[in-house]
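Me: Hi! I'm new to this one and would like a quick tour. Could you take a look with me?
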Amino acid sequence: MSVASPAQRTATPAAALPLSGLLALSTAAFTAVMTELLPAGLLPRMASDLGVSEGRVGFLVTGYALASFLAAIPLTAALRGLPRRRVLIGTLVGFACCNAVTAASSSYALTFVARLAAGAMGGTLWAMLVGYAARMVPAERRGRAIAIVLAGITLALSLGVPAGTALADALGWRAAFAVLTVLAVLLVGWVRWRVPGFPGEAAGTRVPLRRVAALPGIAPVLSVTLLLLLGHQVMYTYVAPFADHVGFGHTGLVLLVFGIATVVGIWITGVLVDAHLRRTLLTALALIACALLTLGLFAAVPAVLLVSVALWGAAFGGAPTLIQTALVDASGPARADVATSLQTTVYNAGIATGSLTGGLVLESAGAGSLPWTSLPLIATALSVVAVGRRRAFPARRSAAGSCPPARRRLR
């Protein structure tokens, strides 16, 4: 019985996506998001058990994000020569161990260390998931494959975290982390069974990180990533005070509408991304800008508020897939891990800076100023995409999904 080589699997006909393997990667994304954000829904329970304030439990989320931010680039660079599936399995085993320690620990200090280690695993995982998906499919199906993988993020945000919180209500917060431990262990077997193995980069062929960053198109894509996350987080982090400011007291409904809309946005993006990446991204950013403008002017009308939030959610839901597909096109799949590690760092910086900026605006100018702070950032991102039609966001993607001349110069 013959076994298909990685190259043969990569050459899978366009009609047959390796769905099981892509869903395994999507489940890995789900596990990472759940590991990162679950403590935010369990603050009172964890604080009581660990004997600390809720604020210090909140630092468990901050510590994870900080470790992910700091670890993504150096760990990706250190591990880029190793077989890809081995690194992927190693990160999943790391998640299992960190969540097991969190579930069993009665010490805040030990829990915090476990969270830092989990953050390092997360930084490594996010740097490789998109590149892995890109190598599993032909170039013309790359965007759809990335959309499937990133759908795990939306599933975690819209269903996973609420379900984990409900499980904690019924069985205790430790049970929620125990379930994540078991999920990571099962996922190791799934990855081993259905995800193809790819070699690492040979020492003589590795392009230094600074040269990957200098590839045509990389800087504009990273700029759009930063601007989008800045603009989004300024508003999203403080949705509750904004809803109160305009007299709409149902923050849960606002978040539900946003979450459902993101699922719709990912589905639409998966259909359009491979054939119309540039046009779809321009449309998504324009919709976010229009939604923010409407929120700034007419959010006091409940129907307008909810429709604007739905448009914002649908547009934002698909944006990460579009931007990451553009990044892989600019870097080429072989260098996607390094390029995505840069994007992971920029992504986390955008989240942290956007949340901080929104907090400062809220304190100094009030919730009504939040849309007007976000809008210029999104408009600038839209402008970068509009002018980046040659390298970063071309009107027509090449057959290889990257820039052949740039790749030849690097060899």
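Me: Thanks! Let's start with cysteine 98: is it buried or exposed?
Reply: Cysteine 98 counts as buried, since its relative accessibility is 10%. Keep in mind as we go that this is a predicted model.

Me: And which cysteine sulfur is closest to the one in cysteine 98?
Reply: That would be the sulfur of cysteine 97. The two sulfurs are 6.8 Å apart, which is too far for a bond.

Me: How many disulfides are there, then?
Reply: The count comes to 0 disulfides.

Me: What about cysteine 290, how accessible is it?
Reply: Cysteine 290 is partly exposed, with a relative accessible area of 48%.

Me: New topic: how many salt bridges are there?
Reply: There are 3 salt bridges. In general, side chains of opposite charge can pair when their charged atoms come close.

Me: Nice. What does arginine 45 pair with?
Reply: Arginine 45 meets aspartate 169 in a salt bridge, at 1.8 Å from N to O. Arginine 45 lies in helix 3 (residues 43-50) and aspartate 169 in helix 7 (residues 142-171), so this pair ties together parts that are 124 residues apart in sequence. Arginine 45 itself is partly exposed, at 27% relative accessible area.

Me: And which side chain meets arginine 174?
Reply: Aspartate 49 does, in a salt bridge of 3.7 Å, N to O. Because arginine 174 is in helix 8 (residues 173-194) and aspartate 49 is in helix 3, the pair links parts 125 residues apart in sequence. Both partners are partly exposed: arginine 174 has a relative accessible area of 26%, and aspartate 49 has 42%.

Me: What about aspartate 329, which residue does it meet?
Reply: Aspartate 329 forms a salt bridge with arginine 142, with 2.8 Å from N to O. Aspartate 329 belongs to helix 14 and arginine 142 to helix 7, so parts 187 residues apart in sequence are tied together.

Me: Are those two buried or exposed?
Reply: Aspartate 329 is buried at 10% relative accessibility, and arginine 142 is buried at 3%.

Me: Let's switch to rings. How many aromatic pairs are there?
Reply: A search of the whole structure finds 6 aromatic pairs. One of them joins tyrosine 236 and phenylalanine 258, with ring centres 5.0 Å apart and planes at 40°, so that pair is tilted.

Me: Where do tyrosine 236 and phenylalanine 258 lie?
Reply: Tyrosine 236 is in helix 10 (residues 218-236) and phenylalanine 258 in helix 12, so their pair ties together parts 22 residues apart in sequence. Tyrosine 236 is partly exposed at 30%, whereas phenylalanine 258 is buried at 7%.

Me: What other ring does phenylalanine 258 pair with?
Reply: Phenylalanine 258 also forms an edge-to-face pair with tryptophan 312, at 5.0 Å centre to centre and 70° between the planes. Tryptophan 312 sits in helix 14 (residues 302-331) and phenylalanine 258 in helix 12, so this pair connects parts 54 residues apart in sequence. Ring pairs link Tyr236, Phe258 and Trp312 into a cluster.

Me: Which charged end sits over the ring of tyrosine 108?
Reply: The charged end of arginine 56 does, 4.4 Å from the ring centre. Likewise, the charged end of arginine 194 sits over the ring of tryptophan 193, 5.1 Å from its centre.

Me: Last one: which residues form a nonpolar patch on the surface?
Reply: The patch is formed by Leu253, Leu256, Ile260, Val264, Trp267, Ile268, Val271 and Leu272, with about 730 Å² of accessible area together. Valine 271 is found in helix 12 (residues 251-272) and counts as partly exposed at 44% relative accessibility.

Conventions
Residues are numbered from 1 along each chain as its sequence is written. This is a predicted model: local features need pLDDT of at least 70, side-chain atom pairs count only at pLDDT 80 or more; totals for chains, interfaces and linings use all residues. Side-chain values use heavy atoms; hydrogens and water are left out. Patches are made of residues with over 30% relative accessible area and no salt bridge: like charges are joined within 9 Å, nonpolar side chains (Val, Leu, Ile, Met, Phe, Trp, Tyr) within 5 Å. Accessible areas come from the Shrake-Rupley method with a 1.4 Å probe; for residues, only the protein chains shown count as cover. A salt bridge is a side-chain nitrogen of Lys or Arg within 4 Å of a carboxyl oxygen of Asp or Glu. Helices (H or I, at least four residues) and strands (E, at least two) are DSSP runs, numbered from the N terminus. Buried means under 20% relative accessible area, exposed over 50%, partly exposed in between (1.4 Å probe, protein chains only). Rings of Phe, Tyr and Trp (its six-membered ring) pair if their centres lie within 6.5 Å; planes under 30 degrees apart count as stacked, over 60 as edge-to-face and the rest as tilted. A charge sits over a ring if NZ of Lys or CZ of Arg is within 6 Å of the ring centre and within 35 degrees of the ring normal. A disulfide is a pair of cysteine sulfur atoms within 2.5 Å.
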